[in-house]
Every structure is written in C-alpha cells, then in structure tokens.
Amino acid sequence: YLDATRGYGAEIVLTDDIQSAFEKADELQRAGLALVHPFDDMAVAAGQGTVGLEILQDLPGVTRLYVSIGGGGLIAGMATAVKASHPHVHLVGVETRGADVMAQSVAAGRLIKLAEITSIARTLGAPMASPMTLDHVRRLVDDLVVVDDDETIAAMVHILERTKTLVEPAAACCLAAARRHVAEFQPHDQIVILMCGGNASVADLAKWTNSKSRNELPE
C-alpha cells in the first residue's frame, strides 16, 4: 500500500501510532499545508453520503443498513442522506472492541478519547470522534454494535471463502454485527452490509487467524 501510494506521487510521513499521526497532521497544517480531515469535515461526510444515495437507488426497499464507524464521518454522511428520504431504514453503526470510541462517547454522553487502539481494525482507530459526528450518530443512527476481533476475523474468512473478496476488518465487522441480529430479521427485510475497504493483505489474515482462536461461521 505504501509503494502504491508513493507511485501516485504522494509523500508519506509515517508515525508510531494514530494519535501521533493526528498530531503530525496538525503540525503540517500549521506549517501551511491544507488538511483534509478523514472524518471531521462536512464536505467529506457529504461526499461519503452519496454511498447511501447509491444504495437507495439500487435497492429502494432496503430496511437495514450496517455501516462501520471510525471517527464517524462515513456514517454521518450516509445517515443524513438515507434518513432524509427513507427514515424507516434501521441504521446500525458497527465498531470493534478496542476501537469503539463512538459507542463509548454515546454511552457517556460526551466525547471520549481512547488512550490506545487495541483492535486489529486499525482503520477504525480514531482516538476521538468529533462534535459533528457524535451529534449525527446520536440523532440518526438507530443502533450501535461493538463486536470482538475474533468475530471480525471469522467474518473476513467467510467473505473471502464465499465471495473471493478480501476485505479489511473495518468492513468485515459489519457482517459480524449482522450475524448477531439474525434472529430479528423478518422475511421482508432487505439488508445491506457495507464493505467499506480492502486495507488488508493475505499475510495479515494469515497472522490473525494463526494468533487468535475464532468461531467458524455456520454453513
């Protein structure tokens, strides 16, 4: 991924962890560079909201929608777009334990800052949400589910084996969350699980499956 990004002409600045990455971004902004925030940006969230519009166009009868949450920009934009015309859609936000800053913030009624990201879902590892994203989640998201890494790994394997698609943990966790709700599904339900990215390698998956016990998904 680093080589591919450099190949597009970008300069990459590496840091030790996500918190120091945000600190470095602030430093570069003060030096005069333009910051395109990954989630605390209304324009970015609005752009991500078009994913919700595409889902409604392809499946206007959708009843449940599972979307993962990092800092919350993606779900803020999608929730705004979907709920505006389809308020009946049951929108579920999904995080992994150890990268669940939004669920903790909603439970506390205020912004919580995580001291450390311990989940394998590093792309969900925002140390803190923002006032904008927390507000959108509290108003528009119907349910928040936090799944374990083991459930997420099992979902990754299932998706790879059944669809031949390797997705990242931040995508597979949505399937893990949906599995918890199977008993609630009705015959008329039309369920969408957003597969939001592929920032994982075969080596990553091999490491995770070898280092963690996991429960197999049913046939």
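Residues are numbered from 1 along each chain as its sequence is written, and side-chain values use heavy atoms, with hydrogens and water left out. Because the model is predicted, local features need pLDDT of at least 70 and side-chain atom pairs count only at pLDDT 80 or more, while totals for chains, interfaces and linings use all residues.

**The sheet**

The four strands form an open sheet in the order 3-2-1-4, with parallel pairing. Two strands pair if DSSP finds at least two bridges between them; helices (H or I, at least four residues) and strands (E, at least two) are DSSP runs numbered from the N terminus. Strand 3 (143–147) and strand 4 are at the edges with a single partner strand each, so one side of each has no neighbour in the sheet. From one strand to the next the twist averages 20 degrees, where axes are lines fitted to C-alpha atoms, for helices over the stretch in contact, and angles run from 0 to 180 degrees between N-to-C directions.

**Strand 1**

Next, select residues 64–68. Five of the five residues of this strand are buried, so strand 1 is largely enclosed by the rest of the structure. Buried means under 20% relative accessible area, exposed over 50%, and partly exposed in between (1.4 Å probe, protein chains only). Arg64, Tyr66 and Ser68 are buried on one side, and Leu65 and Val67 on the other.

Strand 4 (residues 191–193) pairs with strand 1 in the parallel sense over three bridges, and Leu65 stands opposite Val192.

Move to strands 2 and 3. Five bridges join this parallel pair, and Glu95 of strand 2 faces Val146 in strand 3.

Select Ile18, Ala21, Arg122, Thr123 and Asn199. Of the 45 residues lining the largest pocket, these are the closest to its centre. A pocket is found on a 1 Å grid over the protein atoms alone, as an open set of points where a 1.4 Å probe fits, with protein on both sides within 12 Å along at least five of seven lines; lining residues have an atom within 4 Å of a point. Helix 2 gives the most to this lining, with six residues.

For the second largest pocket, select Phe22, Asp26, His37, Phe39 and Pro127, which lie nearest its centre among 19 lining residues. Helix 2 again supplies the largest share, here seven residues.

**Asp150**

Finish at Asp150, in helix 7 (residues 149–163). Is Asp150 buried or partly exposed? At 27% relative accessibility, it counts as partly exposed.
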